[in-house]
Amino acid sequence: MVATAATSSFFPVPSPSADAKSAKIGSGSTSLGGIKSKSASSGGLQVKANAQAPPKINGSTVEFTTPMENVKKEDDMPSPPPRTFINQLPDWSMLLAAITTIFLAAEKQWMMLDWKPRRPDMLIDPFGLGRIVQDGLVFRQNFSIRSYEIGADRTASIETLMNHLQETALNHVKTAGLLGDGFGSTPEMSKRNLIWVVTRMQVLVDRYPTWGDVVQVDTWVSASGKNGMRRDWLVRDTKTGETLTRASSVWVMMNKLTRRLSKIPEEVKGEIEPYFLNSDPVVDEDSRKLPKLDDNTADYVRKGLTPRWSDLDINQHVNNVKYIGWILESAPLAILESHELSSITLEYRRECGKDSVLQSLTAVSGIDVGNLGNAGEIECQHLLRLEEGAEIVRGRTEWRPKYTSNFGIMGQIPAESA
């Protein structure tokens, strides 16, 4: 009974109608593995000849989950490959695919860095990094005029040009290896808390570039008296070589702690003098005195001008380019609409801080602003002052008439085409 119960619990007993050949009830013996044994009773269970008893491991019976006829013999099963160092490593195809992806990405980046123009009118210096030319004394950098740098006349604004001048001046100092921790200060200047401040600037604009134009800016420095430095700029159209803008400025040193002017120390002279170019100013100096305006002599006054946080430079005073925008705040709209700025002369007299409140004054010389139909060149005098009266900047601007092109767009065109 024990053998029969164990066998029947492992093998489901088929019905007589399902398989009469597999099991016969009533026979007197049971065949197990080809060995015949007498049953304890007259009734017996006959199983297939290849049936095996359930194996035992550590005294416990282990049951199979599939019928024995569906289990292949051990000799028929393929043997696993021998364990070696190679087949224990990761999938080499995946590793090769990852390396290939990284290589292709790096190659693409390198091709972008090694980019060269396919047309002569394309930008030569795509990243605007600039370089030293002319025996290390002149710095050159290209700028592409962006859409957000043009104004209502569809040309670059005067502030855009001034920003280009300032950017090349700083990059010149940086590329020459003289940039300390200040705004254009050399290492020796930084040790002594000295910074550069501009005292005078003249800018002449022959033609304003427009959107998509690429301009080349050259800048260099020269001595100016005993305690000053002159910086000049020359702006050209990279496509035609035409001169667009010329500018000249004078700079002195100021102690950023005491806010007082300072002489140039000998150590600083030793740093900057090797980079001085012995040349005349690119702009002839306008020696005419800039008059002081007041409420009685000014034709237009704009009050309540205050600097924003973004108007301050790293020396915590207003950037000198911002002064130009404030000066033009009081220029009459009629002149802005009919004329364009051809030259500007500025004398910087005092710095401006973040809490300052300013006034912009403008006087138009010898012309009726209400009747500009046939007006030629116009000259204006300017003053930017603090609300309590202290002068910040004196200025003079000259304006030339705008010309209408064949397409009806207001803007200057060459004289031979006008």
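**Note on the predicted model**

1. The count of disulfides, taken as pairs of cysteine sulfur atoms within 2.5 Å, comes to 0.

2. Residues are numbered from 1 along each chain as its sequence is written, and side-chain values use heavy atoms, with hydrogens and water left out.

3. The pLDDT (the predictor's confidence in each residue, from 0 to 100) has a mean of 78 for the chain, with 68% of residues at 70 or more. Over residues 1–45 it stays under 50, and the model has 39 contacts (heavy atoms within 4.5 Å) beyond four places in sequence for them. Residues 64–68 are also below 50, with 6 contacts beyond near neighbours in sequence. Where pLDDT is low, the predicted coordinates should not be read in detail.

4. Across the whole structure, 23 salt bridges are found, each a side-chain nitrogen of Lys or Arg within 4 Å of a carboxyl oxygen of Asp or Glu. One of them joins Glu347 to Arg200 at 2.7 Å, N to O. Glu347 lies in strand E13 (residues 339–348) and Arg200 in strand E7 (residues 194–205), so this pair ties together parts 147 residues apart in sequence. Helices (H or I, at least four residues) and strands (E, at least two) are DSSP runs, numbered from the N terminus. Both partners are buried, Glu347 at 18% and Arg200 at 15%.

5. Arg236 and Asp218 form a salt bridge with closest N and O atoms 3.3 Å apart. Here strand E9 (residues 228–237) carries Arg236 and strand E8 (residues 214–224) carries Asp218, so the pair ties together parts 18 residues apart in sequence. Arg236 is partly exposed at 26%, whereas Asp218 is buried at 3%.

6. Glu391 forms a salt bridge with Arg394, at 2.5 Å between the closest N and O atoms. Glu391 is buried at 15%, as is Arg394 at 8%. Elsewhere, shared partners join Asp286, Arg288, Glu379, Arg396 and Glu398 into one salt-bridge network.

7. Glu149, in the loop between strand E6 (138–144) and H3, is buried at 17%. Leaving aside neighbours within four places in sequence, its contacts include Thr160 and His164.

Definitions and conventions. Predicted model: local features only at pLDDT ≥ 70, side-chain atom pairs only at ≥ 80, totals over all residues. Buried < 20%, exposed > 50% of the residue type's maximum accessible area, 1.4 Å probe, protein only.
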